[in-house]
Amino acid sequence: MSVDARYKILFEPVDIGPVTAKNRFYQVPHCTGMGWLRPNMVADVRATKADGGWGVVCTEYCSIHPTSDDVPFPTHTLWDDDDIRAHRVMTDKVHEHGALAGVELWIGGSSSPNFLSREAPMDVVSMPNWNADPYQSRAMTKSDIRDLRGWHRDAALRAKDAGFDIVYVYATHHYLLSNFLNPTLNTRGDEYGGSQENRMRLVREIIEDTKDAVGDSCAVAVRFAIDDGGGQDGAPVHADRMEMFEAMAELPDLWDINVENYALEMGASRFVAEGSLEAHVSKAKSMTSKPVVSVGRFTSPDTMVGQVKRGVMDLIGAARPSIADPFLPKKIEEGRQEDIRECIGCNICYTGDSRHYPTRCTQNPTFGEEWRRGWHPEKIASKGSDSMVLVVGGGPAGLEAARALGQRGYDVMLAEATRELGGRVSAESALPGLAEWARVRDYRLGQFNKLPNVETYRESEMTLENILEVGADHVAIATGATWRRDGFGHTHEVAMDPLPPPENTFTPDDIMAGRMPAGSVLVSDDDRFYMGGVIAEKLAENGNDVTYLTPGSLASYWTFYTDEHDLVYERLTEAGVQIILNRGLLSFDGAQAVTGCVYTGAQETVNVDNVVLVTCREPRDALFHELQQAVDDGVEGAPKTVQCIGDANAPAIIAAAVFAGHKYARELDCDKRPDERVKVDRVLAR
Ligand SMILES: Cc1cc2nc3c(=O)[nH]c(=O)nc-3n(C[C@H](O)[C@H](O)[C@H](O)COP(=O)(O)O)c2cc1C
Ligand code: SF4
């Protein structure tokens, strides 16, 4: 099949030094929460992307030496021969699909407390650890710098042995090399500090060392922030870094351009639009003859083509879009744009890194499960019987279960109580900044158009009797969950007593359904992820006088792990929301909210007209229990199996609901025992 003429440019090969990428689809370095701990899982993550058409597939950041260990972050390492063998698993598989493999050699500097190796961290000067671990770096001596150059060179040689085609010099993200470039931090008095030329010296030397060591067969890429910070409003601040870029513009084989502000570079869709680095990247591109790659949550082929044609970049870099859809390039190549599972910009994938567990994705439930469960993002086993399956509830779990069951060939009935499919995804995507989240629904509804065996029934609330009448062989109950209005949660281990007056008490479900309070509001955020903050923002937009209260030490605490926290704080402050931290809501009588300090218990009162309780959710599982009883009792019309999935089973993030729906579909009629279904990846002692 020939590629649509509009997109042909995306499939042109690009020379990168001594190697050639077969097309412009470039998976930039991104963590997986697997790293050196789970080499088989991560190898299959990367191999799947190569299979999906990415021309270049890179590792996550990869430590060159034990003086940079980022434990407990599960990074990669290239310290010795064992590491070479582990990486070989990945590079061989990536090469099988005709893609290039890249490795991002990493020197942590003061950011690595070296919890594993217990080596003292080294950096440009003696400075604190950026994660506030109480370990400070020592200032590097010139002999340290010589050692470091040797270690980087050795790691580059090991990378070549491991089969990598592209070797990175990682000079951004506040790690050691970018600290040397930094005019504020680099106060050294020797030839590595002070003037711009001196601050660039180490990066320049390391680029030259790497080219000298492996440049005959490997391309040398540099990841580099092009601005001097700021740029939050989209206005680039280009001065010192740009001048340094100009001075080094022709040194490496490839520039991987990003910006100082990580929350902008890896912007969540709540705050940052697709392709928002254009102003930064195009400047860099205009100053070098070397190929440039950059990022921007690119999921639209038209946007990608625009970037290439306007000369913004040569290669379309992607981390999250390649996680959400490893087969994105192939789908464009085959003219199947409507099948692209677009990233929603929720940054749940990043929590794998920040919380040190294998990465998961809201849109792609198979991510990370390629090796251990044998799940492929596009392929699935055919049905195991001619059974008919009823899925009750059209939220993220129900939609994904119905889609994947339909893909397996089952006859599926999807019954949704309301007029609109999507459940919580539809409701939440109407909240400020969350519009892209509707892609979770829209991708699945788009797939239903291709699955005549999946029938959807809206406004079809199911009772036990209705289900028995349908007589399905299997039933999945995916009826979601309801935000509680009795205060039960972290602050109250039982319901509040007395309950706050119902006419002045609201939950996120009320706000999402359009039941808005009049007057002042206190949003009590026991939940601590995005919902409390988004509701506060919505109420401020509505004109309410809003106070946001949380027992957490940060507003929307868990958004720290999705790297949105700074932006959340800024947004709430700009919206005029008053933020109260470290306090829980003890009681509310319709006029006064009594709050308690989580440490001392000291009480304070806030005069307010209403409260919104964002505490926790109650699974809607009554129907499941009724049906399970009917199954146990052998009632006529009862299905062979019934399973409760998603939030109706255990409320959690949307990614967990999608995963539950997918798992249900994969495992229906599966003859393997649950303990046989998941392989365990281990680093074995030699
Ligand atoms: C889960 C995750 C892990 C990441 N890990 C790294 C990393 O190890 N090294 C790095 O340079 N950038 C890392 N990044 C940043 C990405 O390379 C990229 O710049 C950013 O996600 C923006 O690109 P995107 O819009 O295509 O996601 C990571 C991003 C994500 C989402
Ligand atoms: S978890 Fe969210 S942000 Fe990350 S790739 Fe998946 S959809 Fe995109």
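Predicted model: local features only at pLDDT ≥ 70, side-chain atom pairs only at ≥ 80, totals over all residues.
How do the residues of the shell around ligand 2 divide into nonpolar, polar and charged?

Figure 1. The shell comprises 8 nonpolar residues, 4 polar residues and 1 charged residue. In total, 13 residues surround this ligand, and the closest are R320, C343, C346, C349 and C361. Two or more residues come from each of the elements α10 and α12. The greatest contribution is that of α10, with 3 residues.

**Figure 2. The shell around ligand 1.** This ligand has 23 residues around it, of which H30, V295, R297, A319 and R320 come nearest. The elements that supply two or more residues to this shell are β4 (56-63), α10 (320-324) and α12 (348-354). Here α12 gives the most, with 3 residues. Classified by type, the shell contains 11 nonpolar, 5 polar and 7 charged residues.

**Figure 3. The fold of the chain that holds these elements.** The chain contains 21 helices and 28 strands. Its radius of gyration is 27 Å, close to the 26 Å that the globule rule gives for 686 residues, so the chain is as compact as a globular protein of that length. Along the principal axes, the C-alpha atoms fill a box of roughly 80 × 65 × 50 Å.

**Figure 4. Burial and contacts within the chain.** Of the 686 residues, 54% are buried. Among contacts between residues at least 6 apart in sequence, 72% join residues at least 24 apart.

How values were computed
Residues numbered from 1 in each chain as written. Chains lettered and ligands numbered in written order. Near = placed C-beta within 6 Å. Helix = DSSP H or I, 4+ residues; strand = E, 2+ residues; numbered from the N terminus. Nonpolar A, V, L, I, M, F, W, Y, C, P; charged D, E, K, R; others polar. Rg over C-alpha atoms; globule rule 2.2 N^0.38 Å. Buried ≥ 20, exposed ≤ 12 C-beta atoms within 10 Å, placed from the backbone. Contact = placed C-beta atoms within 7 Å.
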